[in-house]
Amino acid sequence: MNKIEHLGIAVANLEEAEARWTQLLGVAPYRREEVPTEGVRTAFFQVGPNKVELLEATHPESPIAKFIAKRGEGIHHTAFSVPDIKLEMSRLQAQGYRLLSDEPRPGAENMWVCFLHPKEANGVLVELCQPRE
Ligand code: ZN
């Protein structure tokens with residue numbers, strides 16, 4: 001795996017959270033994007049070499065809505081960039097890690113993404129991501 005690509009933070013209200021994080025980081029989000037397949041609206045901030053992703057649910061069945069209902073707002077996932085997501089997925093599967101999808105899925109920022117079950121990483125939801133062509 002390469003660097004930590006971004007931290008994903010579950011928020012109840014994207015506009016309010018954007019204002020807060022703009023103030024906190026001293027920089028405005030460079031991108032807003034809805035990812036219908038994941039049921040989220042996102043905002044991305046660049047912080048040095050890394051990014052912060054704010055995620056708001058777009059419907060009650062969204063994973064973000066369920067996360068907030070169960071645990072409240074907060075860090076939702078840690079994303080690592082990988083050069084070859086399919087290779088990384090098979091490497092992890094061969095070692096017995098459970099993945100949340102069998103194939104990479106289209107994610108925000110024109111990335112292929114795949115999540116590992118949080119139980120596989122001490123309670124941390126790990127996202128693998130690779131830029132799409
Ligand atoms: Zn993410």
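Trainee: Which backbone oxygen lies 2.9 Å from a polar atom of the Ser62 side chain?
Mentor: That of Gly39. A polar contact is a pair of N or O atoms within 3.5 Å; within protein, one must be able to donate a hydrogen and the other to accept it, and residues adjacent in sequence count only if both atoms are side-chain atoms. Keep in mind that this is a predicted model: local features need pLDDT of at least 70, side-chain atom pairs count only at pLDDT 80 or more, and totals for chains, interfaces and linings use all residues. Residues are numbered from 1 along each chain as its sequence is written, and side-chain values use heavy atoms, with hydrogens and water left out.

Trainee: Where does Ser62 lie?
Mentor: In the loop between strand E4 (50-57) and helix H2 (63-71). Helices (H or I, at least four residues) and strands (E, at least two) are DSSP runs, numbered from the N terminus.

Trainee: Is Ser62 buried or exposed?
Mentor: Buried, because its relative accessibility is 0%. The cut-offs are under 20% relative accessible area for buried, over 50% for exposed, and partly exposed in between (1.4 Å probe, protein chains only).

Trainee: What does Ser62 touch, leaving out residues up to four places away in sequence?
Mentor: Glu38, Gly39, Val40 and Ala57. Contact means heavy atoms within 4.5 Å.

Trainee: Val40, OK. What about Val35, which residues does Val35 touch?
Mentor: With residues up to four places away in sequence not counted, Val40, Pro106, Gly107 and Ala108. Val35 lies in strand E2. Val35 is buried too, at 6% relative accessible area.

Trainee: Changing topic. What is the strand order in the sheet?
Mentor: E2-E3-E4-E1-E5-E8-E7-E6. The sheet is open, has 8 strands and shows mixed pairing. Two strands pair if DSSP finds at least two bridges between them.

Trainee: Which are the edge strands?
Mentor: E2 (31-35) and E6 (105-107), each pairing on one side only. The twist averages 30° from one strand to the next.

Trainee: In which sense do E5 and E8 pair, parallel or antiparallel?
Mentor: Parallel, over 4 bridges, with E5 at residues 74-81 and E8 at 126-131. Ala79 stands opposite Glu127 in E8, and Thr78 has Val126 in E8 as its bridge partner.

Trainee: And how many bridges join E1 and E5?
Mentor: There are 6, in the antiparallel sense, with E1 at residues 4-10. Ile4 has Phe80 in E5 as its bridge partner.

Trainee: Now the metal. Which are the protein donors of the zinc ion?
Mentor: His6 (NE2), Glu53 (OE), His77 (NE2) and Glu127 (OE), lying 2.1 to 2.3 Å from the ion. Donors are N, O and S atoms within 2.8 Å of the metal (3.2 Å for Na, K and Ca); water is not among the atoms, so sites may look incomplete.

Trainee: What spacing do the donors follow along the chain?
Mentor: H-x46-E-x23-H-x49-E. His77 in E5 and Glu127 in E8 are 50 residues apart, so that pair links distant parts of the chain. His77 is buried at 2% relative accessible area, and Glu127 is buried at 6%.

Methods. Axes fitted to C-alpha atoms, helices over the stretch in contact; angles between N-to-C directions.
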